[in-house]
Amino acid sequence: MFYRTALYPADPFAVMRRLSDSLDRMTARATSPFPPVNIWQNGEAAAITAELPGVEPGDIDIEVKDNILTLSGERKAPEHPEGASWHRRERAFGRFTRAIRLPFRLDPEKVEARFANGVLRIAVARPDEDKPRRIAIKAA
Amino acid sequence: MTNHVTPASEQTSAQTLAEPARDRPVWRPLADILETADGFTLMLELPGVAAEDVEVSLDKRQLTIRARSQVVESDQLEPVHSEYVPGDYERAFLLSDDLDGEHIEAELKNGVLTVHVPRLAEARPRSITVKAA
């Protein structure tokens with residue numbers, strides 16, 4: 001990568017800024033995990049959504065242990081005929097794993113997952129035995 | 001909290017001249033474009049979009065893909081962690097003259113739109129058999 005300084009005669013710092021911007025873009029791309037997830041929760045339940053476009057539902061594995069939910073799987077590259085040439089390759093393929101820690105213990109019976117239009121939605125209910133209990137104060 | 005193998009790309013805003021009227025972000029979907037002897041195949045990532053919410057249009061040589069994602073909001077749960085923002089999608093491509101705009105096919109599966117643009121019959125490569133004299 002090189003920058004032609006002659007294009008920016010008025011602002012010598014423009015080159016530095018452009019270099020810094022492109023470095024930021026490169027590191028942002030390397031550190032953002034796949035799949036991106038959103039999490040909602042309250043004391044009784046939690047919901048997790050993940051964007052998994054191009055992943056077959058059968059290639060997704062969800063595992064729960066204690067308070068950790070692990071989402072893993074593989075996004076397979078589409079098949080293409082021989083002699084084909086690529087003009088854009090922006091999508092990434094391969095295996096992925098993400099572990100999500102929730103504020104309560106998980107019961108596999110109370111985890112429900114649905115996959116539609118490339119978005120995975122996981123609904124988790126807090127098991128009754130894990131819920132906080134109110135202790136009544138007795139009069140002395 | 002996380003360990004990962006496959007990198008994900010950042011969400012990039014669509015480059016549109018007009019401002020969207022709806023108060024939602026408009027993303028530029030990631031695309032793969034493959035050229036074969038028959039034509040071009042475009043694959044675009046449109047997570048959260050149902051087939052009826054995709055619009056593929058061709059105006060002169062410009063192929064435009066617009067899509068609206070369906071958002072499910074919960075009123076009982078509080079958002080605690082966010083790595084993506086659901087929104088709409090828009091991206092346009094200019095097709096070359098040797099492509100057949102009349103026979104474009106599009107299919108949506110698992111959040112990926114595949115658009116096939118065939119090459120015009122007269123522009124396809126032909127092999128000519130050489131006859132023995």
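## Overall dimensions of chain B

Chain B has a radius of gyration of 19 Å, whereas a compact globule of 133 residues would come near 14 Å; the radius is taken over C-alpha atoms, and the globule rule is 2.2 Å times the number of residues to the power 0.38. Along the principal axes, the C-alpha atoms of chain B fill a box of roughly 80 × 40 × 25 Å. The model is predicted, with local features needing pLDDT of at least 70 and side-chain atom pairs counting only at pLDDT 80 or more, while totals for chains, interfaces and linings use all residues. Residues are numbered from 1 along each chain as its sequence is written, and chains are lettered from A, with ligands numbered from 1, in the order in which they are written.

Of the 133 residues of chain B, 26% count as buried, a term that requires 20 or more other C-beta atoms, placed from the backbone, within 10 Å of the residue's own.

## Secondary structure and annotated domain

Chain B contains zero helices and nine strands, giving the pattern β-β-β-β-β-β-β-β-β along the sequence; helices (H or I, at least four residues) and strands (E, at least two) are DSSP runs, numbered from the N terminus. Among contacts in chain B between residues at least 6 apart in sequence, 51% join residues at least 24 apart, a contact being two residues whose C-beta atoms, placed from the backbone, lie within 7 Å.

An unreviewed UniProt entry places the feature "domain: SHSP" at residues 21-133 of chain B, and such annotations may be inferred rather than shown by experiment. The span of residues 21-133 of chain B is 0% helix and 50% strand, and its end C-alpha atoms lie 69 Å apart.

## The contact between the chains

The contact takes 37 residues from chain B and 44 residues from chain A. On the side of chain B that touches chain A, the elements giving two or more residues are β2 (31-35), β3 (39-45), β4 (49-59) and β6 (78-82) of chain B. The residues of this side divide into 18 nonpolar, 13 polar and six charged, where Ala, Val, Leu, Ile, Met, Phe, Trp, Tyr, Cys and Pro count as nonpolar, Asp, Glu, Lys and Arg as charged, and the others, Gly among them, as polar.

## A sheet with β5 of chain A at its edge

Five strands form an open antiparallel sheet in the order β5(A)-β2(B)-β3(B)-β9(B)-β8(B), two strands being paired if DSSP finds at least two bridges between them. Its edge strands, each pairing on one side only, are β5 (85-89) of chain A and β8 (105-109) of chain B.

Within this sheet, β2(B) and β3(B) pair in the antiparallel sense over five bridges, and B:Ala31 has B:Leu44 in β3(B) as its bridge partner. Five bridges also join β8(B) to the antiparallel strand β9 (residues 112-118) of chain B, with B:Glu107 partnered by B:Thr114. The hairpin of β8(B) and β9(B) has two residues between the strands, and B:Asn110 there takes a positive phi near 50°.

## A sheet with β6 of chain B at its edge

A further open sheet of five strands has the order β7(A)-β8(A)-β2(A)-β1(A)-β6(B), with antiparallel pairing. Here β7 (111-116) of chain A and β6 of chain B are the edge strands, each of which pairs on one side only.

Strand β1 (residues 37-41) of chain A pairs with β6(B) in the antiparallel sense over four bridges, and B:Glu78 in β6(B) is the bridge partner of A:Gln41. Within chain A, seven bridges join the antiparallel strands β2 (residues 45-51) and β8 (residues 119-125), where A:Ala47 is partnered by A:Ala123 in β8(A).

Notes. A residue is buried if 20 or more other C-beta atoms lie within 10 Å of its own, exposed if 12 or fewer, and partly exposed in between; C-beta atoms are placed from the backbone.
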